[in-house]
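Hello,

Here is the structure I promised to pass on to you. Please open it beside this email, and my notes follow below.

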Amino acid sequence: INTMRGCPYDCKWCSRAVYGQSYRRRSPKAVVLELEELKREYDFDLIWFVDDVFTINYPWLREFSKELIASGIKIKYEIITRADRMNEEIVSLLKQTGCYRVWIGAESGSQKIIDAMSRRVKVEQVRNMIQLTRQNGMEAGTFIMLGYPGETENDIAQTLHHLKISNPDLYT
């Protein structure tokens, strides 16, 4: 399910061919109604919210959590997000509403490469959020790119170090 279209970030490697840089979000109520219908019709086991940054809007996420809890349906789901759009409150809300896996964009363990990508995040933030996610009983996955223009063997070694320290359950 997607709850939004577009992304306000400008990471250099990301395609804007479909949505441009606009960002539009469905109402939390509409998303929960769709989940109720899908649960009734298909009795699914798992939902993957395919939004680029599921946790981008804290008020939206709080309202979604309220609507989902009020609906009484229990779902198991996974999301994609950014480390800078997570904190203890957000991780707790995700856990309370059935999130079992959080994919956190890292792309590299080298701050030089992260900066070259215009990711606007610190490697340490990514590590901390991977660890916080796991400490809260959810799986943490992360995305890694190798071969970014200007990347050196030292940058790749930093990425390996980052993966060892942050210790995600999964990476791709």
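At 35% relative accessibility, D169 counts as partly exposed (buried means under 20% relative accessible area, exposed over 50%, partly exposed in between, with a 1.4 Å probe and protein chains only). Before going on, please note that this is a predicted model, in which local features need pLDDT of at least 70 and side-chain atom pairs count only at pLDDT 80 or more, while totals for chains, interfaces and linings use all residues. Residues are numbered from 1 along each chain as its sequence is written, and side-chain values use heavy atoms, with hydrogens and water left out.

D169 meets R134 in a salt bridge (3.1 Å, N to O); the term stands for a side-chain nitrogen of Lys or Arg within 4 Å of a carboxyl oxygen of Asp or Glu. R134 lies in helix 5 and D169 in the loop between helix 6 (153-166) and strand 7, so the pair ties together parts that are 35 residues apart in sequence. Helices (H or I, at least four residues) and strands (E, at least two) are DSSP runs, numbered from the N terminus.

Another one joins R119 and E107 at 2.9 Å, N to O. Here R119 sits in the loop between helix 4 (111-116) and helix 5, and E107 in strand 5, 12 residues away. Are these two side chains buried or exposed? R119 is buried at 4% relative accessibility, and E107 is buried with a relative accessible area of 4%.

E34 also forms a salt bridge with R26, with the closest N and O atoms 2.7 Å apart. Both count as partly exposed, E34 at 27% and R26 at 28% relative accessibility. Finally, E78, R101 and E139 are linked in a network of salt bridges.

Strand 3 pairs with strand 4 (residues 77-82) in the parallel sense over 2 bridges, and W48 has E78 in strand 4 as its bridge partner.

Which residues of helix 1 are buried? They are P28, V31, V32 and L35. Seen down the axis of helix 1, these buried residues fall within an arc of 95 degrees, so they line one face of the helix; the arc is that of the directions from the helix axis to the C-beta atoms. The buried residues of helix 1 pack against strand 3 and helix 2 (58-71). On the other side of helix 1, R40 and E41 are exposed.

Two backbone details are left. Most residues other than glycine have a negative phi. S118 has a positive phi of about 60 degrees although it is not a glycine, and S118 is found in the loop between helix 4 and helix 5.

Best wishes

Methods. Two strands pair if DSSP finds at least two bridges between them. Contact means heavy atoms within 4.5 Å.
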